[in-house]
Amino acid sequence: MIAIQHLAKSFPPARSAAQAVHAVRDVSVQAPAGTITGLLGPNGAGKTTTLRMLAGLIRPDAGSIEVDGIDVLQDPHGALARMGVLCDARGLYPRLSARENIVYYGVLRGMERSAAEQRSAELARALGMTSLLDRRTEGFSQGERLKTALARALVHDPANVVLDEPTNGLDVLATRALRETLRWLRSPEGGSKTIVFSTHIMQEVERLCDSVVVVAQGRSVATGSVAELLERAGERDFEAAFVRLAYADDAAASPQALPLANSLAQGPHEVRPVQP
């Protein structure tokens, strides 16, 4: 289980900027075991920063993070041992084979080499990448790299899986394969794992998520299942519901923004300037 409460993080201003950047202002996420939780928001909403704090890569300014009851701030190594983190498919050693990349990471996690070898073979079968195992990762397609990176993140059989926009750069078949893998990991056969992933793609959320956290301008502004968010927004189309929920504060702060939000929610058509 992953529990994030009122997370906040600011970064010092760049030389060309006058003010600090408030990347995350107030984000909360509850992700029980055996579920898929999606962080849905536009680019720049604070999703990646939130997941980096969850992974112990960045220290928050405020808030708390627990992984299976372990405080990430107090015991980052203990928490990380309970997680498999996939930020992107880069970082593979190109001169090593897929198997060597996976086994090496398992050994770094404290596994015996024989156990890591066995686990890499099991993951290869589960992910449909057996034919890739003994090929150098140099020259792999994006989908092949993602499978290898995911296997590497899962080699120590973590109870929690964290992915940052995992389908970026994938074709349709690779995206479908990843969805099936995540469903399997959530299932009892796959270990009933807690899965948290960030995205800005509505279809991924609709097809995968048990729970959705809508993130906008560094805040979690709505939480619930897809059906609950549709009901809350009073919409039948999930993209329209997302627009209403994510940009509600903008419309409240600036009444002139409401017609634009309505236009976005109604779907693609010509958006004309709001008359003063």
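This is a predicted model: local features need pLDDT of at least 70, side-chain atom pairs count only at pLDDT 80 or more; totals for chains, interfaces and linings use all residues.
Thr 167 sits in the loop between strand 7 (160–164) and helix 6 (172–186). Helices (H or I, at least four residues) and strands (E, at least two) are DSSP runs, numbered from the N terminus. Residue numbers start from 1 along each chain as its sequence is written.

**Loop residues**

Contact here means heavy atoms within 4.5 Å. Two further loop residues are worth a look. Gln 217 lies in the loop between strand 9 (211–216) and strand 10 (219–224), and Leu 133 is in the loop between helix 4 and helix 5. The table gives their accessibility, where buried means under 20% relative accessible area, exposed over 50% and partly exposed in between (1.4 Å probe, protein chains only).

| Residue | Relative accessibility | Class |
|---|---|---|
| Thr 167 | 11% | Thr 167: buried |
| Gln 217 | 47% | Gln 217: partly exposed |
| Leu 133 | 3% | Leu 133: buried |

Gln 217 also has a backbone feature to check on screen: its phi is positive, about 50 degrees, although Gln 217 is not a glycine. His 6 has a positive phi too, near 50 degrees, and His 6 is likewise a residue other than glycine. His 6 belongs to strand 1 (residues 2–11).

Which residues surround Leu 133? Setting aside neighbours within four places in sequence, Leu 133 is in contact with Ser 97, Ala 98, Arg 99, Ile 102, Ser 120, Ala 121 and Ala 124. With Ile 102, the separation is 31 residues in sequence and 9.2 Å in space, C-alpha to C-alpha.

Axes are lines fitted to C-alpha atoms, for helices over the stretch in contact, and angles run from 0 to 180 degrees between N-to-C directions.

Take helix 3 (residues 98–108) and helix 5 (residues 142–154): their axes come within 8 Å and cross at roughly 25 degrees. That angle makes helix 3 roughly parallel to helix 5. Angles under 35 degrees count as roughly parallel, over 145 as roughly antiparallel, 65 to 115 as roughly perpendicular and the rest as oblique. The crossing of helix 3 and helix 5 is right-handed; a crossing is right-handed if the near helix is turned clockwise from the far one by less than a right angle, and left-handed if anticlockwise. From helix 3, Ala 98, Asn 101, Ile 102 and Tyr 105 meet Thr 148, Ala 151 and Arg 152 of helix 5. By class, that contact of helix 3 with helix 5 has four nonpolar, two polar and one charged residues. Ala, Val, Leu, Ile, Met, Phe, Trp, Tyr, Cys and Pro count as nonpolar, Asp, Glu, Lys and Arg as charged, and the others, Gly among them, as polar.

Next, helix 4 (residues 113–127) packs with helix 5 at an angle of about 135 degrees, the axes being 10 Å apart. Helix 4 and helix 5 are therefore oblique to each other, and helix 4 passes helix 5 in a right-handed crossing. Here Arg 119, Leu 123 and Leu 127 of helix 4 meet Lys 147, Leu 150, Ala 151 and Leu 154 of helix 5. The contact of helix 4 with helix 5 divides into five nonpolar, no polar and two charged residues.

Finally, the axes of helix 3 and helix 4 come within 9 Å and cross at roughly 135 degrees, so this pair is oblique. Helix 3 and helix 4 also make a right-handed crossing. Arg 99, Ile 102, Val 103, Gly 106 and Val 107 in helix 3 meet Arg 113, Ala 116, Glu 117 and Ser 120 in helix 4. The contact of helix 3 with helix 4 comprises four nonpolar, two polar and three charged residues.

**The whole chain and its confidence**

Stepping back, the chain has 11 helices and 10 strands. Of its 276 residues, 46% count as buried. Among contacts with a separation of 6 or more, residues 24 or more positions apart account for 65%.

The mean pLDDT (the predictor's confidence in each residue, from 0 to 100) is 87, and 88% of residues reach 70 or more. Where is confidence lowest and highest? The lowest is in helix 11 (residues 257–265), at a mean of 45, and the highest in strand 4 (residues 62–67), at 97. Over residues 252–276 the pLDDT is below 50, and this stretch has 16 contacts in the model beyond near neighbours in sequence.

Notes:
Side-chain values use heavy atoms; hydrogens and water are left out.
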